[in-house]
Amino acid sequence: MAVRVLIVEDEEQIARFTELELKHEGYEVSKAADGRTGLAMAEEGGFDIILLDIMLPELNGLEVLRRLRKSSDVPVIMLTARDSVMDKVSGLDSGADDYVTKPFAIEELLARIRVSLKKHSGSKTAEEESVITFGPLKMNTAAYSVTVNGEPIELSKREFDLLSILLKNRNIVLSRDTLLGKVCGYDYFGETNVIDVYVRHVRSKIDEPYGLNMIQTVRGVGYVIKDE
């Protein structure tokens with residue numbers, strides 16, 4: 001059965017482009033052009049994931065999300081033309097699973113959809129969810145431990161958090177600003193190259209000693225860990 005996607009977006013060009021791309025990938029797509037209609041459709045149920053714009057007529061996206069979360073835990077990815085920290089924080093605090101800043105690359109959106117759907121699949125136990133494997137590397141987020149070939153690796157909290165975020169978002173290129181907010185907090189004030197420093201530390205502790213090439217640099221953008 002095809003995955004059902006609801007796009008709540010008032011910019012017709014963006015909505016139509018996204019609809020065509022998703023249908024090309026095999027998704028079943030419905031659309032709403034305002035928040036009130038989108039909320040009504042979402043509350044009827046039947047959707048596997050919702051792409052929700054923030055700036056909408058009738059009801060804005062954040063209000064739609066707040067009302068929807070009273071009755072549904074369907075995964076929601078916020079679409080926003082704003083690249084401000086507060087919009088992102090407000091969306092995540094209101095129950096969004098992820099956000100994408102417009103204009104976005106369709107490849108990134110598709111990757112984030114796959115990640116959100118996988119998180120909500122319910123196919124893993126809580127214990128399994130805490131374990132991440134990548135080749136010879138095994139990370140346990142509950143026990144705060146990392147091993148390579150069974151050998152323990154000592155990482156600082158921020159090094160651990162950085163590696164965890166990249167592993168959980170495999171195949172998605174994360175910008176330095178995104179990583180900085182997630183690792184150090186959105187209120188962090190300090191050296192802007194701190195993420196580069198943590199990446200070097202992780203590479204020196206894992207990649208270099210064990211001949212791995214996990215964290216890849218995307219020049220001018222950020223970092224990514226790709227599936228083997």
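The talk below goes through some labels and the values behind them.

Modeller: This is a predicted model, in which local features need pLDDT of at least 70 and side-chain atom pairs count only at pLDDT 80 or more, while totals for chains, interfaces and linings use all residues. Residues are numbered from 1 along each chain as its sequence is written, and side-chain values use heavy atoms, with hydrogens and water left out.

Colleague: How do you know that E7 and strand E8 pair?

Modeller: Two strands pair if DSSP finds at least two bridges between them. E7 and E8 (residues 145-148) have 4 bridges in the antiparallel sense, so they pair by that rule. Strands are DSSP runs (E, at least two residues), as helices are (H or I, at least four), numbered from the N terminus. Asn 140 stands opposite Ser 145 in E8.

Colleague: What lies between E7 and E8 in the hairpin?

Modeller: There are 4 residues between them, and Tyr 144 in the turn has a positive phi of about 55°.

Colleague: Why is the pair of Tyr 144 and Phe 160 called stacked?

Modeller: Rings of Phe, Tyr and Trp (its six-membered ring) pair if their centres lie within 6.5 Å; planes under 30 degrees apart count as stacked, over 60 as edge-to-face and the rest as tilted. Here the centres are 4.0 Å apart and the planes at 20°, so the pair is stacked. Phe 160 is in helix H7 (residues 157-168), 16 residues from Tyr 144.

Colleague: Why does Tyr 144 count as partly exposed?

Modeller: Buried means under 20% relative accessible area, exposed over 50%, and partly exposed in between (1.4 Å probe, protein chains only). Tyr 144 has 39%, so it is partly exposed; Phe 160, with 4%, is buried.
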